[in-house]
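Keep the structure open while reading.

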Amino acid sequence: MDVVNALRWRYACKKMSGATVPVEKIEKVLEAIRLAPTSMGFQPLTVLVITNLELRKKILPIANNQSQVVDCSHLLVFCTWNQFTTEQVASYMQLIMDTRGVTAASISGFKQALENLLANRTLEENREWAAKQAYLAFGVGITAAAMEGVDATPMEGFNPGLLDELLALEKQGLRSVLLLPLGQRDEINDWLLKLPKVRQSASHLFIHLD
Ligand SMILES: Cc1cc2nc3c(=O)[nH]c(=O)nc-3n(C[C@H](O)[C@H](O)[C@H](O)COP(=O)(O)O)c2cc1C
């Protein structure tokens, strides 16, 4: 499927069948998320991949009883980092050096720029910035899932405070931002499946400045 047809095929699945998605397809979605661009390449996020049904049952009421949380195959929890430290920056610089075989001196300006960016903002601003990066990766994940014929439901409809508590995220330096159940649509019982997609026209959405 080309990307446009995949995006026409996908929808925010309201009822999943409970079927298990083959691990190769899940791996592709995860790899797409890993490859998503982020500001300065910092990737200030962590994605939990939950298959445990008992745990997903506990998440259900926290996610407004949206049944996809339990009827999906894999539940992704997009988290961002809670704090931003010089150690995280140093670890990222080490990754660049190891990956590209460059010296610390050659990237010292970039390192300083990233440290300044983080230091010149409040913790809340840094958290918001990190959340924007998570949304980007989320979008890439949704598109990748569609390309693989895997259904997904983008979800902001949950209580992040309660989820953070249940998963002990604060202790791990994380906070939950988004949920993405991955699974298979229930073709008979999903009321949304047969309704046409609602989107603004291209002439409404785009202004071409030639
Ligand atoms: C960030 C975000 C959060 C969303 N949260 C929910 C949600 O909690 N539950 C839900 O059923 N749909 C949720 N949606 C789905 C949107 O309502 C849906 O994507 C939109 O209406 C467009 O429809 P389509 O995705 O079916 O094409 C969310 C979508 C996005 C992008």
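## Core and strands

Leu-178 touches Phe-78, Ala-134, Phe-138, Met-155 and Glu-156, leaving aside residues up to four places away in sequence. The model is a predicted one.

Leu-178 also belongs to the largest nonpolar core, which has 42 residues. Leu-178 is among the residues with the most contacts inside this core, along with Phe-78, Ala-134, Ala-145, Leu-179, Leu-180 and Leu-182. Two or more residues each come from helix 2 (23–35), strand 2 (74–81), helix 6 (108–119), helix 7 (123–147) and strand 4 (174–183). Helix 7 contributes the most, with nine residues. In soluble globular proteins, nonpolar side chains tend to be buried together.

Strand 2 is mostly covered. Eight of its eight residues are buried. In a regular strand the side chains alternate between the two faces of the sheet. Here both faces of strand 2 are covered. One side carries His-74, Leu-76, Phe-78 and Thr-80; the other carries Leu-75, Val-77, Cys-79 and Trp-81.

Which strands pair with strand 2? Strand 1 and strand 4 both do, as the table shows.

| Strand pair | Sense | Bridges | Example of facing residues |
|---|---|---|---|
| Strand 1 (45–50) and strand 2 | antiparallel | six | Ile-50 and Leu-75 |
| Strand 2 and strand 4 | antiparallel | eight | His-74 and Leu-182 |

Leu-182, opposite His-74 in the pairing, is also one of the core residues with the most contacts.

## Helix 7

Helix 7 has 25 residues. From first C-alpha to last, helix 7 reaches 36 Å, close to the 36 Å expected at 1.5 Å a residue. Its buried residues include Asn-126, Ala-130, Gln-133, Ala-134, Ala-137 and Phe-138. Further along helix 7, Gly-141, Ile-142, Ala-144, Ala-145, Ala-146 and Met-147 are buried. An α-helix has 3.6 residues a turn, so residues three or four places apart point the same way. Just after helix 7, Gly-149 takes a positive phi of about 70°.

## The ligand shell

Which residues are around the ligand? They are Tyr-11, Ala-12, Lys-14, Gln-66, Thr-153, Pro-154, Met-155, Glu-156, Gly-157 and Lys-197. By class, this shell has four nonpolar, three polar and three charged residues.

## Ser-17

Ser-17 sits in the loop between helix 1 (3–9) and helix 2. Is Ser-17 buried, exposed or partly exposed? Ser-17 counts as partly exposed because 18 C-beta neighbours lie inside 10 Å, while a buried residue needs 20 or more.

The C-alpha atoms of Ser-17 and Asp-186 are separated by 4.5 Å, although the two residues are 169 apart along the chain. Beyond neighbours within four places in sequence, Ser-17 is in contact with Asp-71, Gly-183, Gln-184, Arg-185 and Asp-186.

## Whole protein

The protein has nine helices and four strands. Along the sequence, they follow the pattern α-α-β-α-α-β-α-α-α-β-α-β-α. The C-alpha trace spans about 60 × 50 × 30 Å along its principal axes. Buried residues make up 30% of the 210 residues. Among contacts between residues at least 6 apart in sequence, 82% join residues at least 24 apart.

Notes: Residues are numbered from 1 along each chain as its sequence is written. This is a predicted model: local features need pLDDT of at least 70, side-chain atom pairs count only at pLDDT 80 or more; totals for chains, interfaces and linings use all residues. A residue is near a molecule or strand if its C-beta atom, placed from the backbone, lies within 6 Å of it. Ala, Val, Leu, Ile, Met, Phe, Trp, Tyr, Cys and Pro count as nonpolar, Asp, Glu, Lys and Arg as charged, and the others, Gly among them, as polar. A nonpolar core is a set of buried Ala, Val, Leu, Ile, Met, Phe, Trp, Tyr and Cys residues joined through C-beta atoms within 7 Å. A residue is buried if 20 or more other C-beta atoms lie within 10 Å of its own, exposed if 12 or fewer, and partly exposed in between; C-beta atoms are placed from the backbone. Two residues are in contact if their C-beta atoms, placed from the backbone, lie within 7 Å. Two strands pair if DSSP finds at least two bridges between them. The expected span of a helix is 1.5 Å times one less than its number of residues.
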